[in-house]
Amino acid sequence: MATQPEHPPIRTYKPRRGRLTTRQARELTTESQYLLTADEDLDLESLFDGRPVFLEIGFGTGITTAQMAAQEPDFGFLAVDVHTPGVGDLIGRIHDEGLSNIRVIAGDAMQVLEHHLKGSSLAGVRSFFPDPWPKIRHQKRRLVQPDRAVLIADRVQIGGTWDLATDWSPYADHIELTLGACAHWRGGRVPRPHWRPVTKYEALGLEQGRQIADFRYVRTELAHTF
Ligand SMILES: C[S@@+](CC[C@H](N)C(=O)[O-])C[C@H]1O[C@@H](n2cnc3c(N)ncnc32)[C@H](O)[C@@H]1O
């Protein structure tokens, strides 16, 4: 019998039920070469024909993911989100637009990173507008945490990148403090990258008059800690 871990991992998301449209349900149930399961070891080399791979954590509707994949055809995009309607949307977009360089996982990106990706296997990670978890008692759920920063660093090649953006200024400060204190990453705030399309959440933040902060961190040359 499988044993439960003593302390279940702290999730960066709140499980939510989303109603699926007929198209989203069809995209999720029809066998697709683009949809992977969250519990398989990933051979990125063969999945992406040797292209360097970016992991996108929390792609939402996937509109941005599809745009990035179309404009960067020499890279592979491993797109992971827990919210299944968005996964259905992205698979639909891949089929409609004939994008061959995206693979999608419906699941927890932290589990994928911890259990199914090899060390130094990623060219970079992209996390745009991760949930800000503004309440103090929820802040341990934020994606950017010291232990998660070390795990992500282990899976990214030296010289690889972690690009982030947020519209929540306390989270921007938190990112700067946390990654500034992590010896595996060097970087900080950057002007908005020309290649980053406006995301759905960003558009909502802009409508509400929020400031957008972009960050780029580069994986340093420290020895692996895992
Ligand atoms: C605020 S939304 C931003 C979505 C999109 N990046 C955008 O800017 O429109 C955050 C997304 O991260 C996803 N998410 C949070 N934690 C996650 C995790 N551990 N693994 C995968 N997705 C996650 C949520 O389901 C949600 O879709």
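Thr 30 is found in the loop that runs between α1 (22–29) and β1 (35–36). The model is a predicted one, and the values below are computed from it.

**Thr 30**
- The relative accessible area of Thr 30 is 42%, so this residue counts as partly exposed, the class between 20% and 50%.
- The side chain of Thr 30 reaches back to the backbone oxygen of Arg 26, at 2.6 Å.
- Thr 30 and Val 190 are 160 residues apart along the chain, and 41 Å separates their C-alpha atoms.

**Arg 196**
- The loop between β7 (185–190) and α8 holds Arg 196.
- Arg 196 is buried because its relative accessible area is 2%, and the cut-off for buried is under 20%.
- A polar contact of 2.7 Å joins the side chain of Arg 196 to the side chain of Asp 214.

**Residues with positive phi**
- Asp 49 has a phi near 50°, a positive value in a residue other than glycine.
- This residue, Asp 49, lies in the loop between α2 (44–47) and β2 (53–57).
- With a relative accessible area of 63%, Asp 49 is exposed, since the class begins over 50%.
- Phe 129 also has a positive phi, near 55°, and is a residue other than glycine.
- The loop that holds Phe 129 runs between β5 (122–128) and α6 (146–155).
- Phe 129 has a relative accessible area of 9% and is therefore buried.

**Gly 58**
- Gly 58 lies in the loop between β2 and α3 (63–71).
- The relative accessible area of Gly 58 is 31%, so Gly 58 is partly exposed.
- In sequence, Gly 58 and Pro 130 are 72 residues apart, while their C-alpha atoms are 6.8 Å apart in space.
- Gly 58 is also among the closest residues to the ligand.

**Surroundings of the ligand**
- The ligand is surrounded by 19 residues, and the closest are Thr 12, Gly 58, Asp 81, Phe 128 and Thr 199.
- By class, this shell is made up of eight nonpolar, six polar and five charged residues.
- The ligand sits in the largest pocket.

**Polar atom pairs of the ligand**
- In the side chain of Thr 12, an N or O atom is 2.7 Å from a nitrogen atom of the ligand.
- A polar backbone atom of Phe 128 is 2.8 Å from a nitrogen atom of the ligand.
- For Tyr 201, a polar backbone atom is 3.0 Å from an oxygen atom of the ligand.
- On its own the ligand has 600 Å² of accessible area, and the protein covers 95% of that area.

Note on methods: Residues are numbered from 1 along each chain as its sequence is written. This is a predicted model: local features need pLDDT of at least 70, side-chain atom pairs count only at pLDDT 80 or more; totals for chains, interfaces and linings use all residues. Side-chain values use heavy atoms; hydrogens and water are left out. A residue is near a molecule or strand if one of its heavy atoms lies within 4 Å of it. A polar contact is a pair of N or O atoms within 3.5 Å; within protein, one must be able to donate a hydrogen and the other to accept it, and residues adjacent in sequence count only if both atoms are side-chain atoms. Accessible areas come from the Shrake-Rupley method with a 1.4 Å probe; for residues, only the protein chains shown count as cover. On a 1 Å grid over the protein atoms alone, a cavity is a set of points where a 1.4 Å probe fits but cannot get out, and a pocket is an open set with protein on both sides within 12 Å along at least five of seven lines; lining residues have an atom within 4 Å of a point. A molecule sits in a cavity or pocket if more than half of its atoms lie within 2 Å of its grid points. Ala, Val, Leu, Ile, Met, Phe, Trp, Tyr, Cys and Pro count as nonpolar, Asp, Glu, Lys and Arg as charged, and the others, Gly among them, as polar. Helices (H or I, at least four residues) and strands (E, at least two) are DSSP runs, numbered from the N terminus. Buried means under 20% relative accessible area, exposed over 50%, partly exposed in between (1.4 Å probe, protein chains only).
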